Amino acid sequence: MNKKEIHDAITKALFNRFQTAKLAAKQAHQAATGDESVAENKYDTFGLEASYLAHGQSQRVIECEQDWLLFSKKTAHLHRIDHPVTLWTLVELEPLNSTLSEKKYFFISPCAGGLSVDLSEKSIFSVTDSSPVGKALIGKMVDDEVCLTKNGHQVAYEITSIQ
């Protein structure tokens with residue numbers, strides 16, 4: 001698993017999200033403009049509600065497209081870096097508590113926070129620099145310790161790799 005594979009997987013997931021949003025917007029538009037959305041009386045608000053939904057879905061399409069385009073235009077650097085965590089870096093964390101054996105992988109991104117992709121049986125989480133995890137990681141170096149909240153408890157991790 002390298003950074004290019006992760007970048008490509010996130011780009012593909014964002015493209016799929018964009019395609020799904022386009023389909024949902026098309027369906028919402030059809031519902032808003034179809035014959036069944038014509039008001040039968042002054043209390044019939046189906047058409048109005050459908051038009052609000054169509055507008056919201058079209059906004060979602062724009063946001064999903066922007067996220068996908070941002071990722072598709074950015075190239076992934078494949079080497080290990082010896083500078084602090086910044087945007088477009090992949091961070092590997094290892095728990096300091098010996099009873100926890102699960103490493104965590106975070107891709108610091110300007111968008112698409114909360115997206116998760118699975119590669120080589122590992123989950124990579126996309127986080128923005130404004131999220132709590134992103135704020136905890138930005139500026140840290142390899143071998144630094146960070147505390148993250150997991151299930152309401154603070155868990156200490158060591159940064160083992162930055163790519």
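In this predicted model, begin by selecting the six strands of the open sheet, which lie in the order β3-β4-β2-β1-β6-β5 with mixed pairing. Colour the two edge strands, β3 (116–119) and β5 (145–150), each of which pairs on one side only. Neighbouring strands of this sheet are turned by 40 degrees against each other on average, ignoring direction.

Next, select strand β1, residues 90–95. Is it mostly covered or open? Mostly covered: five of the six residues of β1 are buried. On one side, β1 pairs with β2 in the antiparallel sense over four bridges. β1 is also joined to β6 (residues 153–162) by five bridges, and these two strands run antiparallel as well.

In β2, the bridge partner of L93 is K104, while in β6 L93 stands opposite I159. Move along to P95, and you will find Y157 of β6 opposite.

Bring helix α1 (3–33) into view. α1 packs on the sheet, where it touches β1, β2, β3 and β4 (122–128), and its direction makes about 130 degrees with that of β3.

Helix α2, residues 46–73, is the next selection. Then pick out the buried residues of α2: G47, A50, A54, Q57, V61, C64, D67, W68 and F71. What covers them includes α1 and β2 (104–109).

Time to look inside. In soluble globular proteins, nonpolar side chains tend to be buried together. Here, the largest nonpolar core has 21 residues, and those touching the most other members are I10, L14, F71, F107 and I124. α1, α2 and β2 are the elements that give two or more residues to this core, and α1 gives the most, with eight.

Which residues does L14 touch, leaving aside those up to four places away in sequence? Select D67, W68, F71, A112 and L115 to see them around L14.

For the last stop, select I108, A136, L148 and Y157, which are among the 14 residues of a second, separate core.

Key. Residues are numbered from 1 along each chain as its sequence is written. This is a predicted model: local features need pLDDT of at least 70, side-chain atom pairs count only at pLDDT 80 or more; totals for chains, interfaces and linings use all residues. Side-chain values use heavy atoms; hydrogens and water are left out. Buried means under 20% relative accessible area, exposed over 50%, partly exposed in between (1.4 Å probe, protein chains only). Contact means heavy atoms within 4.5 Å. A nonpolar core is a set of buried Ala, Val, Leu, Ile, Met, Phe, Trp, Tyr and Cys residues joined through side-chain atoms within 4.5 Å. Two strands pair if DSSP finds at least two bridges between them. Axes are lines fitted to C-alpha atoms, for helices over the stretch in contact, and angles run from 0 to 180 degrees between N-to-C directions.
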